[in-house]
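Dear colleague,

I am passing on a structure that you have not worked with before, and below it you will find an account of what turned up when I went through it. Please have it open beside you as you read.

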Amino acid sequence: MNNLLQFVIRYSAFLLFLLLEVVALLLVVRYNENQQSIFAHSSSKFVGKLYKVADDAIQYNHLQQTADSLAGQNAQLKEKIFNLERSLQRLIPADKPLDSCILEPFKVIDAQVISNSINQRNNHFTIDRGSKDGIKPGMGVISMHGIAGIIDEVGEQYATAISVLNSAARISASIKRNDYFGSLVWKEVDPGHMVLEAIPRQADILIGDTIVTSGFSFKFPKGIFIGTVERFWTEGGSNYYTVEVRLHEDIATLDRVYIVEFTGNELATQ
Amino acid sequence: MNTISLRHIIRALLMLLLQVLVLKRVGLSSSWLWQYGDIFIYPVIVLLLPFRLSRHYAILIGFILGLTIDMFYDTIGVHAFALTATAYARGLLLAYLEPRGGYQLSMSPTIFSMGINWVLTYTSLALLIHTFLYYTVEVFTFVYIGQILLKTLITLVLSMIVVMGYHLLFNPRT
């Protein structure tokens with residue numbers, strides 16, 4: 001206290017000077033239009049910046065929520081696209097009676113991958129949706145850039161799926177350019193590549209050809225982009241090509257996935 | 001109230017009148033001056049305050065005087081800001097320019113007492129601070145720093161002519 005008092009006395013002239021300067025500045029800002037507008041402008045700029053920072057912080061808290069709602073919307077959009085594409089395919093022959101069940105057989109549910117593996121012989125991943133969300137075994141799981149796997153076991157809250165990087169996974173896939181189809185399997189070790197088997201030798205394949213789902217298995221809608229042809233060869237004496245496919249989706253970084261349900265299953269198999 | 005105080009007060013009033021009635025009009029009448037400068041003589045009131053007057057009083061006088069000028073110039077606070085700073089700078093300048101023997105009781109900040117070189121240095125430094133701060137606060141942003149410096153320079157030269165003219169013509173003793 002004594003020190004403070006001494007400080008005030010010692011610098012009293014300077015403090016008085018500061019005080020009066022502040023008063024003068026207040027007067028300047030208060031009574032002069034020009035300075036007032038500049039002050040108001042810069043202070044509103046400052047306040048705006050402050051609000052922006054605070055808003056950003058709050059937004060960050062809401063990111064998860066926002067991402068969830070966006071994923072939900074995305075699922076709805078995917079559902080619409082699959083159904084529209086399918087209706088288009090059905091419409092081209094246009095000689096069959098149309099049924100809404102056939103028209104809109106696909107349901108899409110969004111989910112989050114909560115556990116994943118890529119380095120085992122048979123890889124699985126777990127999603128945060130279960131039977132209460134309508135997940136059933138055998139449904140296809142697609143992701144942002146391709147396909148991810150097939151639902152295997154379903155609990156109430158969670159479900160596990162066999163990854164495409166699993167020796168049990170066989171996915172019907174075709175070359176987009178000429179519709180030759182085969183089954184896509186994983187030959188272990190390399191999580192970036194799969195092998196498309198049983199493409200007949202007469203098929204013309206080019207390096208870089210697009211591989212898509214064939215739509216024959218009903219686990220996946222037709223035409224989902226899987227990857228591109230990296231190289232192809234024939235095993236000795238075989239009549240079939242073996243095609244190495246570079247996966248577009250990086251399974252190691254799987255995060256948001258969409259589960260496709262094909263409700264027209266019974267009808268389609270008839 | 002002794003005669004010296006009375007003399008200071010009367011001189012201050014006269015300078016104020018000179019400033020707001022004459023020099024302000026000179027500034028207004030010429031479009032060139034209006035744009036690029038002004039003539040200030042009123043800071044001299046603060047600069048001519050006796051050496052022995054405490055800095056607090058000088059600062060207070062500067063503030064009140066500045067506000068008075070502001071009322072005439074319709075620039076509330078701008079002159080007050082500049083003149084308060086000048087009054088504070090006066091203390092620093094006096095310490096900086098203190099002669100070897102220190103200030104004597106008989107001394108006053110005039111040519112008669114301190115010589116023309118001392119007065120020239122003292123006045124020009126103080127006026128430089130005053131005009132620069134005046135134009136800075138007037139524009140209220142450093143964006144136009146070039147214009148501020150130009151105005152400061154022109155006003156400083158014009159004001160110095162008037163102030164030194166006063167010193168040389170009237171040669172005040174106190």
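**A residue in a loop of chain A**

S217(A) counts as partly exposed, because it has 17 C-beta neighbours inside 10 Å. This residue is found in the loop of chain A that runs between β9 (210-213) and β10 (225-234). Its C-alpha atom is separated by 7.9 Å from that of I171(A), although the two residues are 46 residues apart along the chain. Please bear in mind throughout that this is a predicted model.

**Chain A as a whole**

Chain A has 5 helices and 12 strands, and of its 270 residues 31% count as buried. If one takes the contacts in chain A with a separation of 6 or more, residues 24 or more positions apart account for 56% of them.

In chain A, the phi of A198(A) is near 65°, a positive value in a residue other than glycine. A198(A) lies in strand β8, which covers residues 193-200 of chain A, and it is partly exposed, since 15 other C-beta atoms lie within 10 Å. In chain B, N171(B) is not a glycine either, yet it has a positive phi of about 40°. N171(B) is found in the segment after α8 of chain B, and this residue is exposed, with 10 other C-beta atoms within 10 Å.

Helix α8 of chain B, residues 145-170, has 26 residues and reaches 36 Å from its first C-alpha to its last, which is close to the 38 Å expected at 1.5 Å a residue. The buried residues in α8(B) are I148(B), K151(B), T152(B), T155(B), L158(B), S159(B), V163(B) and H167(B). As a general point for reading such a list, an α-helix has 3.6 residues a turn, so residues three or four places apart point the same way. Just after α8(B) comes N171(B) with its positive phi.

**Where the two chains meet**

Turning to the contact between the chains, 17 residues of chain B are in contact with 15 residues of chain A. On the side of chain B that touches chain A, α4 (55-73) and α5 (78-96) each supply at least two residues, and the largest share, 7 residues, comes from α5(B). By class, this side of chain B has 10 nonpolar, 6 polar and 1 charged residues.

Which helix of chain A has an axis that comes within 8 Å of the axis of α5(B)? The helix is α2 (residues 12-31) of chain A, and the two axes cross at roughly 165°, which makes α2(A) roughly antiparallel to α5(B). The crossing of α2(A) and α5(B) is left-handed. From α2(A) the contact takes in A13(A), F17(A), L20(A), E21(A), A24(A), L25(A), L27(A) and V28(A), and from α5(B) it takes in V78(B), A80(B), F81(B), T84(B), A85(B), Y88(B) and G91(B). The residues of this contact of α2(A) with α5(B) comprise 12 nonpolar, 2 polar and 1 charged.

**α5(B) and its partners within chain B**

Within chain B, the axes of α4(B) and α5(B) come within 7 Å and cross at roughly 155°, and that makes α4(B) roughly antiparallel to α5(B). Their crossing is right-handed. Among the residues of α4(B) that meet α5(B) are A58(B), I61(B), L65(B) and I69(B), while those on the α5(B) side include V78(B), A82(B), T86(B) and R90(B). The residues of the contact of α4(B) with α5(B) divide into 14 nonpolar, 6 polar and 3 charged.

The axis of α5(B) also comes within 8 Å of that of helix α7 (residues 116-139) of chain B, and these axes cross at roughly 150°, which makes α5(B) roughly antiparallel to α7(B). The crossing of α5(B) and α7(B) is right-handed. On the α5(B) side the contact includes F81(B), A85(B), A89(B) and L93(B), and on the α7(B) side it includes Y122(B), L125(B), I129(B) and L133(B). By class, the contact of α5(B) with α7(B) has 14 nonpolar, 3 polar and 2 charged residues.

With kind regards

Notes:
Residues numbered from 1 in each chain as written. Chains lettered and ligands numbered in written order. Predicted model: local features only at pLDDT ≥ 70, side-chain atom pairs only at ≥ 80, totals over all residues. Helix = DSSP H or I, 4+ residues; strand = E, 2+ residues; numbered from the N terminus. Expected span 1.5 Å × (residues − 1). Buried ≥ 20, exposed ≤ 12 C-beta atoms within 10 Å, placed from the backbone. Contact = placed C-beta atoms within 7 Å. Nonpolar A, V, L, I, M, F, W, Y, C, P; charged D, E, K, R; others polar. Axes fitted to C-alpha atoms, helices over the stretch in contact; angles between N-to-C directions. Parallel < 35°, antiparallel > 145°, perpendicular 65-115°, else oblique. Left-handed = near helix turned anticlockwise from the far one by under 90°.
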